[in-house]
Amino acid sequence: MEGTAVTVFEILRFLIIHWKCDIEVSKGALLEGQLVISIEGLNSKHQTNALHCVTTIASAGSLFGGMVLKKFLKEIQSLLPRISAKLTWTSEEGSYSQDMTGVTPFQMIFEVDEKPRTLMTDCLVIKHLLRKIIMVHPKIRFNFSVKVNGILSTEFFGVENEPTLNLWNGIALVVDSQHYASRPKFDTIESYCSRIHPVLGHPVMLFIPDDVTGMDLLGELILTPAVALCPSPKVFSNQLDSISSVSIFLYGPLGLPLILSTWEQPVTTFFKDTSSLIDWKKYHLCMVPNLDLNLDRDLVLPDVSYQVESREGDQSQNMDLQGQTLLLFLFVDFHSAFPVQQMEIWGVYTLLTTHLTAILVESHSVVQDSIQFIVDQVLEQHHQAAKAQQKLQAPLSVAVNSIMSILTGSTRSSFRKMCLQTLQAADTQEFGTKLHKLFCEITQHQFLHRCSCEVKQQLTLEKKDSAQSTEDAPDNSSLELLTDTRGQAGNKRLKRGSPSVEEMRTPLHSARAPSPSEAALGGSDPTAAPLTPSGREACETHSRALEPGRASLGSRLEDALWLQEVANLSEWLSPSPGP
Amino acid sequence: MAFAPMGPEASFFEVLDRHRESLLTALRRGGGEPPSGGSHLASSSEVLASIENIIQDIITSLARNEAPAFMIDNRSSWENIKFEDSVGLQMVSHCTTRKIKSDSPKSVQKFALILKILSMIYKLVQSNTYATKRDIYYTDSQLFGNQTVVDNIINDISCMLRVSRRSLHILSTSKGLIAGNLRYIEEDGTKVNCTCGATAVAVPSNIQGIWNLVSDAKFVLIVEKDATFQRLLDDNFCNKMSPCIMITGKGVPDLNTRLLVKKLWDTFHIPVFTLVDADPHGIEIMCIYKYGSMSMSFEAHHLTVPAIRWLGLLPSDLKRLNVPKDSLIPLTKRDQMKLDSILRRPYVTCQPFWRKEMEIMADSKMKAEIQALTFLSSDYLSRVYLPNKLKFGGWI
């Protein structure tokens with residue numbers, strides 16, 4: 001018997017595929033709507049020490065308006081033969097109630113018997129699954145409730161007002177860093193940006209081995225990697241070994257999580273070799289797989305996790321609290337010259353989940369090249385920023401020491417008094433501290449590789465939408481089975497001065513290599529995403545640390561230049577073999 | 001019994017004496033010495049106050065959240081240089097400046113080094129001690145990188161504060177030599193007598209400090225090269241042409257040598273002649289003594305002696321003396337570029353005879369060292385060439 005989590009995932013997967021393909025959602029539009037998933041468990045009458053679980057997946061509002069329900073049910077049952085759970089549809093065609101807009105809500109129910117512990121695990125798995133989905137479908141919301149023997153727990157998953165990076169084909173990556181990694185313990189708000197800044201890599205075509213049987217694809221599998229550091233420092237540190245872990249997230253077509261979970265299936269053999277995707281030796285890092293599968297976390301659980309091996313050779317359990325995490329997103333999409341059918345997507349998905357290792361092995365060199373390039377870029381930016389900062393620190397220290405030497409050596413009390421008063425320092429020691437701080441503050445913003453978010457924030461302060469004033473939804477997660485302890489990752493949160501869903505723009509990475517100034521100043525700004533010819537997702541890079549006064553003019557100019565450049569690149573946008 | 005120094009008879013110096021008279025007349029007509037502009041010899045308290053003012057400005061900028069910066073005159077820009085016959089090259093009053101910003105990656109290092117050297121100067125002035133530019137470099141050679149950086153910053157500071165380098169308590173190492181009819185007392189009381197026969201005296205490092213200069217010299221001869229200077233010493237030139245003073249900067253003169261020449265002129269107002277190779281490099285060295293250099297134009301008033309005359313080796317002498325071709329050297333491309341550059345300089349316009357000599361050199365495309373005269377005889381220079389030039393006014 002299939003578990004609740006697997007069944008929920010399969011249904012959600014089917015729903016999203018159907019939603020995208022058959023309900024004429026325009027290609028670039030984000031899927032929008034709310035789904036309610038509820039599980040009610042009662043002591044089973046047929047099995048001892050088991051709960052009879054009734055899982056309901058329902059839409060709220062106009063999600064699936066226009067869907068032919070009977071057909072949908074027939075299709076899903078034919079595609080999910082493995083699901084032996086009883087799958088029912090509560091509304092017959094013509095007998096369902098309609099809301100004011102004439103749109104049809106729907107409800108699907110299945111029932112399984114499970115052990116309480118299995119149900120508990122499944123609930124955690126479902127939560128992680130939902131988090132993964134909303135990370136790339138930020139306009140989909142989930143209401144997840146579990147009721148076991150009368151005890152109810154409800155949790156809401158949604159990231160609607162969080163900053164995102166528009167990718168392609170109707171998906172967008174949420175870039176709020178708190179979803180991906182914990183901040184280092186020693187961090188203050190000042191040190192790290194609240195967002196990650198993904199760098200998108202060159203899309204590469206995946207090769208399917210000849211011995212992999214299955215469907216004949218009328219298109220190509222394209223893998224697009226994205227890399228980001230999390231948390232992203234506002235001012236870069238000077239140590240690459242502040243990276244303590246790597247998290248790899250796998251997404252299939254239409255932004256569906258590719259592998260359900262690492263505890264359901266073993267990590268693919270391909271990823272067991274930590275150097276299969278990235279050559280870590282060049283950064284003097286030694287990575288080992290992280291097998292700590294802690295479900296009880298608020299963060300989006302990666303599909304594959306590596307840890308930097310400590311010097312003593314032992315793995316620290318909590319290294320992710322101490323350093324940065326390198327996030328690697330692998331988006332596998334299906335491109336075809338023909339309109340893609342739902343069954344085709346389903347088939348591709350099945351192909352990927354069953355033969356992922358073989359496909360990655362077959363395409364190893366192109367995949368590795370693409371990923372290595374952007375990892376090099378991100379870490380190189382890091383390195384360049386650190387060098388620039390070091391270059392700055394030395395002369396500033398010299399300047400400060402020289403001034404202090406004159407001040408402390410002066411016999412003119414009026415001069416000393418004036419200096420102290422100007423900086424409002426009580427004594428020379430405090431004066432020295434303030435002097436150094438002032439020098440750092442004044443010089444840093446000019447040419448340190450500052451996180452561009454701060455510039456953008458200043459530009460978009462006026463664009464706060466009304467949702468900013470929304471307060472946190474009450475936290476009802478007191479369920480015994482769900483042991484979330486910290487702030488809910490998917491819950492609505494007060495905005496922290498950041499605008500609502502914001503499109504961060506990226507240039508075409510493959511169309512041009514970043515110039516040295518961009519590489520040096522780009523911070524962790526996103527770079528490359530395939531674009532639609534319409535230029536709707538035209539990208540620019542905020543590679544210059546612009547002075548606030550000039551930022552808006554600079555970004556408008558860059559917008560215009562990029563739109564012009566993108567308009568000429570339609571032939572690049574059609575699927576093509578990788579590098 | 002005191003022996004009078006050997007020297008020509010008094011009539012030998014008639015032309016020289018007349019020349020000196022004309023110089024004095026010109027000086028009187030010009031209203032005496034030109035007013036000292038640019039840098040001056042500031043007192044210690046003035047220097048300390050200037051530095052403290054700079055620090056105050058920096059701190060005030062920081063308190064206003066503005067990145068502090070130094071405004072430095074563009075010393076090495078021709079657009080900031082003017083020529084005056086009485087002074088030579090000097091900086092214009094409203095010259096262009098450049099900003100050394102603390103918030104620019106390109107200039108933050110220099111900004112810091114300026115502050116570093118200012119703090120060192122502050123300590124030197126406060127403690128009334130002196131250091132050479134080399135000493136300063138070696139306090140942190142890694143920080144400074146090379147000597148040129150230190151030299152330039154010191155000059156920039158001198159220009160910025162409008163005080164002489166001496167006032168900053170920074171000395172330059174002297175490499176020059178002096179010999180002849182001259183004695184003086186150094187700042188520490190040491191009595192120096194340059195009448196030493198076969199040996200010469202090093203140019204002192206504290207020119208401003210020497211006093212009680214005494215000399216009967218009829219002229220000062222500036223010799224470009226140490227080799228020529230030594231040759232003249234060996235030939236006992238100072239005694240044969242006594243009373244005279246001979247000085248060499250051993251090539252491009254250092255600041256102290258130039259200061260000493262200036263001091264000799266200011267003190268004695270006797271004719272000053274140069275003996276340089278007949279090549280563009282020699283002419284340029286001569287121009288430095290006479291008109292000053294671009295880089296030190298802000299201190300022109302203390303360094304230049306516009307009254308200097310070119311005694312030899314003139315390009316026209318080469319033809320006149322039938323110096324054989326194999327003693328001549330073709331001008332290199334670099335020589336030609338330098339010659340063209342000198343010909344374009346503002347001061348050449350008021351030196352038609354110099355221009356003519358340079359044009360002879362340009363036309364012949366040949367140069368010669370003073371040593372070329374040895375083809376006639378080994379002591380031709382000291383025995384014939386120079387005495388004749390001095391006796392018959394062979395200078396331009």
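## Buried cysteines

Cys287(B) counts as buried, at 1% relative accessibility. Buried means under 20% relative accessible area, exposed over 50%, and partly exposed in between (1.4 Å probe, protein chains only). Cys123(A) also counts as buried, at 1% relative accessibility.

A disulfide is a pair of cysteine sulfur atoms within 2.5 Å. The closest cysteine sulfur to that of Cys123(A) belongs to Cys53(A), at 7.8 Å, too far for a bond.

## Basis of the model

This is a predicted model: local features need pLDDT of at least 70, side-chain atom pairs count only at pLDDT 80 or more, and totals for chains, interfaces and linings use all residues. Residues are numbered from 1 along each chain as its sequence is written, and side-chain values use heavy atoms, leaving out hydrogens and water.

## Chain A

Chain A has 12 helices and 15 strands. These are DSSP runs, numbered from the N terminus: helices are H or I with at least four residues, strands E with at least two. Of its 579 residues, 56% count as buried.

## Where the chains' helices meet

Helix 7 of chain A (residues 413-422) packs with helix 2 of chain B (residues 44-63) at an angle of about 10°, and their axes are 9 Å apart. That makes the two helices roughly parallel (angles under 35 degrees; over 145 is roughly antiparallel, 65 to 115 roughly perpendicular, the rest oblique).

Helix 7 of chain A contributes Phe415(A), Met418(A), Cys419(A) and Thr422(A) to the contact (heavy atoms within 4.5 Å). Their partners in helix 2 of chain B include Ile55(B) and Ile59(B). The contact residues divide into six nonpolar, three polar and one charged.

Note on methods. Chains are lettered from A and ligands numbered from 1 in the order in which they are written. Axes are lines fitted to C-alpha atoms, for helices over the stretch in contact, and angles run from 0 to 180 degrees between N-to-C directions. Ala, Val, Leu, Ile, Met, Phe, Trp, Tyr, Cys and Pro count as nonpolar, Asp, Glu, Lys and Arg as charged, and the others, Gly among them, as polar.
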